[in-house]
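Welcome! Please take a moment to look over the sequence and the 3D structure, and then walk through the notes below.

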Amino acid sequence: MKTEAAFRTAVWPGCDARLLNQDGDREDGELYRERGGYLPLVDPDELLGEVEAGGLVGRGGAAFPLGMKLRAVRDNGRTAGGAVVIANGEEGEPASVKDRWLLRHRPHLVLDGLRLAARVVSARRAYVYVSDPDSARSVEAALAEAAPDDLSVEVFSVEPGYVAGEETAAVQAINGGPAKPTDKPPRPFEVGVGEFPTLISNVETLANLPYLQRHGARTYRAQGTVMSPGTFLATITGANRPPVLYELPHGLPFTEMLALHGVSSEQLRGVLIGGYFAGLLNRSVLDTRLDHETMRGIGSGLGCGAISLITDECPVAVAASVLAYFDRENAGQCGSCFNGTAAMAAAAGALRDCVASQEDVDRLRRWSVVLRGRGACGTLDAATNIAATLLDQFPAEVAHHLDGACADCGHGAFHAERPYEALELARRP
């Protein structure tokens, strides 16, 4: 099976490619086995120990330790009489393509990781949860080539949406409801699909398990930092350049990634970091490293590894576009989110159009604080992050818009339905 088009990919020089395959073709089951995949797992507890020692954290956004998730689902599953595992590849984040790339080009790597996770938690049922038709077809073909033994795997497709990949949305969809988040508790690791404890893990996270099985925690930690071991996939968009999917070691200086992408530091005004969730950073990002502890230390986050470079665009207009996106994409089931995203989008839009007052900006700042944590999922938090970081990181640009004197927006403000969208990679020959 051929995928429709290959994403442009690159691996950091001197870094062993653990996740990307440089030929860009879809890896079939026979080739994956020849390369050492689908090795027998003799001792699931031993693999769990390697995962914990390796420090593998989730690549979907929250960076939660996978070992803790596996142990919780395994222990709860023993009490409940079973467990379920979900490979979450819905990837509703417009600025990211990593999950679609893995599912289209290395489906067996993901299925191998799913198999290993299922063995650790003693699950007999698993799902690959997607919204991209090409990803679904690729995984179906992979299952026909080499289905994991003693594991029932189903590809479950939903309509794409920003909230559809949230873990409780995935559970609700598979259980027969809409792909929208539900209140917590209970969390899926307690009660999930079919009332069983359920492990929901991002496909990139699972794709690291075969490497840990083959090489162990010590070799896994040869790349990355103490707190952020291993490599990660970064989708880089913006700067008027074609998006690229990179495999990078955690801890890489931001300026070195920028040079690899062919963008000079002088061009950069700031970034939209971690997809749309973690907010904006100004040129101070040039002094950072790409790992979770560094980003947390400056009040931001690496998230899903999507980094959008802001060069010619006005940061106020970028923030307005992202907030308008959240206003359209919220689940429409929490009043605080439904109304809060609309209010922040309206204030940011007025600021972009140079018709906002200082009172509007003060309200935007207040909303960015009081609305945090009030939604069923992370959408409202993402919107508050955008508002707060715009005001904190770009005060001069905000002041220019209040004065009606933005040189950039005077020539036409940046408007985008899905800012820095990377989906175009899927269709580019």
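This is a predicted model: local features need pLDDT of at least 70, side-chain atom pairs count only at pLDDT 80 or more; totals for chains, interfaces and linings use all residues.

**The nonpolar cores**

- Which residues touch the most other members of the largest nonpolar core? They are Phe254 and Leu309, out of the 79 residues in that core.
- Helix α5, which covers residues 107-121, gives the most to this core, with 9 residues.
- Domain 1 (1-16 + 223-311) and domain 2 (27-218) both supply residues to this core, so it lies between them.
- There is also a second, separate core of 48 residues, and among its members are Cys334, Ala345, Phe394 and Val398.
- As general background, nonpolar side chains tend to be buried together in soluble globular proteins.

**The sheet and its helix**

- Now find the open sheet: its 4 strands come in the order β4-β3-β2-β5, with parallel pairing.
- Which strands sit at the edges? They are β4 (152-157) and β5 (198-202), each of which pairs on one side only.
- From one strand to the next, the twist averages 20°.
- Inside the sheet, strand β2 (residues 84-88) pairs with strand β3 (residues 125-130) in the parallel sense, over 5 bridges.
- To see a bridge for yourself, pick out Asn88, whose bridge partner in β3 is Tyr129.
- In general, the strands of a sheet pair through backbone hydrogen bonds, either parallel or antiparallel.

**The cysteines**

- How many disulfides does the count come to? The count is 0.
- Cys15 is in no disulfide, and the nearest cysteine sulfur, which belongs to Cys304, is 19 Å away.
- Is Cys15 buried or exposed? Cys15 has 10% relative accessibility, so this residue counts as buried, given that buried means under 20%.
- For Cys304, the closest cysteine sulfur is in Cys377, at 15 Å, which is too far for a bond, because a disulfide needs the two sulfur atoms within 2.5 Å.
- Cys304 also counts as buried, at 10% relative accessibility.

How values were computed. Residues are numbered from 1 along each chain as its sequence is written. Side-chain values use heavy atoms; hydrogens and water are left out. A nonpolar core is a set of buried Ala, Val, Leu, Ile, Met, Phe, Trp, Tyr and Cys residues joined through side-chain atoms within 4.5 Å. Buried means under 20% relative accessible area, exposed over 50%, partly exposed in between (1.4 Å probe, protein chains only). Helices (H or I, at least four residues) and strands (E, at least two) are DSSP runs, numbered from the N terminus. Domain bounds come from an automatic or database domain assignment. Two strands pair if DSSP finds at least two bridges between them. Axes are lines fitted to C-alpha atoms, for helices over the stretch in contact, and angles run from 0 to 180 degrees between N-to-C directions.
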